[in-house]
Amino acid sequence: MRSMSLIGRLAVSFGLSTVVPIFLMYLSFRGFTTMTTNVVILMFVGLFFVAWIYSGILKPVGELKDAAQRIEGGDLDFTLEAETNDEFGELMQAFEQMRMRLKETQEEKIRNDLENKELISNIAHDLKTPLTTIKGYSEGILDGIAKSPERQKKYLQTICSKANEMNRLIDELNYYAKIETNKIPYNFQHLNVAAYFSDCAEEIGLDMESRGWRFHYENGVEEKVEIIADPEQLRKVISNIISNSVKYMDKAAPEIGIVLKDAGDFVEVSLSDNGRGIAKADLPYVFERFFRADSSRNSTKGGSGIGLSIVRKIIEDSGGRIWANSAPGKGTTLHFVLRKYIGRRDFES
């Protein structure tokens, strides 16, 4: 029994001395494996976090920085695209919209600068022509070339006519400045259509008669119809259209007409001529500033090139609209409509 007990103790002792180190080795290996796994996981997490920071923060910030530097240098010809839908994506979209607005503003400024230069060139050319005439006729009087009273009178009439032409050009330039700053002075009133246009027709008729031109006026609107308009600015509309017809008239028997007709809630006014007409390709641009169907400049077709753009501005500011019909070689008709005035009595009836 004692020997068996000894053997048992030896066996247990041998087993423990063998198993414990193995178990400890197992625990050590398992701990190492777990630590290695954790390190690997942390590395992947770190790499993912770095990639996320780069793609989600550093990259868009870098693109925004580059875009800001390009804009600072005056370069607006690029596109900034948002690749995410988060806050940075929204920021890049807002930045891109700002770039587009800046580009539109820049293009508009360039366009306005070119138009202003063209206006100055037009005005300078058209002022030089009458100035040359005034200078020549004045020197003719001073030098005694115009000796007879009749010849002196003719010279003085020419000087007066050219001075009026210069005054008209200067008025257009002043009016253009008011258009640019939206400072056209309006004094809207209730205007009786028949009475107002009858006065205009009488004045135009006398002018056409002095030129030897044919003029006709037709009123198809009831006597009591009224519109809301500024009488002075509306007169400028009619004057500019008539002046344009006179400028481009090429017929031996010139004709100009004004026709009024009822157009429901509006009154339609049509001013026509039998002049040279406007090409179909040019028709959409006749109301644009500085547009000229005839690009060649000469004394008979001078002008600032803003007359019809002024007309459109006044009509649109008055709540109406304007358009043109034309046939080359046959003539042009400009139509505009203005809303009727409806008084309280009209609602009650």
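Modeller: Let's start with a cut-off: buried means under 20% relative accessible area, and exposed means over 50%. Keep in mind that this is a predicted model.

Biologist: Happy to. Why is Lys-340 called buried?

Modeller: Its relative accessible area is 19%, and the limit for buried is under 20%, so Lys-340 is buried.

Biologist: What does the side chain of Lys-340 reach?

Modeller: It reaches the backbone oxygen of Gly-264 at 2.8 Å. A polar contact needs N or O atoms within 3.5 Å, and 2.8 Å meets that distance. Lys-340 sits in the loop between β7 and α7, and its contacts beyond four places in sequence include Val-225, Asp-262 and Phe-266.

Biologist: Now the charged pairs. What makes Lys-103 and Asp-77 a salt bridge?

Modeller: The closest N and O atoms are 2.4 Å apart, and the rule asks for within 4 Å, so the pair counts as a salt bridge. The partners come from distant parts of the chain, with Lys-103 in helix α2 and Asp-77 in the loop between α1 and α2, 26 residues apart.

Biologist: How do you know whether Asp-77 is buried or exposed?

Modeller: Its relative accessible area is 56%, and exposed means over 50%, so Asp-77 is exposed. Lys-103, at 22%, is partly exposed.

Biologist: And where do Lys-109 and Asp-113 lie?

Modeller: Both are in helix α2, 4 residues apart, about one turn of the helix.

Methods:
Residues numbered from 1 in each chain as written. Predicted model: local features only at pLDDT ≥ 70, side-chain atom pairs only at ≥ 80, totals over all residues. Heavy atoms only, no water. Helix = DSSP H or I, 4+ residues; strand = E, 2+ residues; numbered from the N terminus. Buried < 20%, exposed > 50% of the residue type's maximum accessible area, 1.4 Å probe, protein only. Polar contact = N/O pair within 3.5 Å; in protein donor to acceptor, adjacent residues only side chain to side chain. Contact = heavy atoms within 4.5 Å. Salt bridge = Lys/Arg side-chain N within 4 Å of Asp/Glu carboxyl O.
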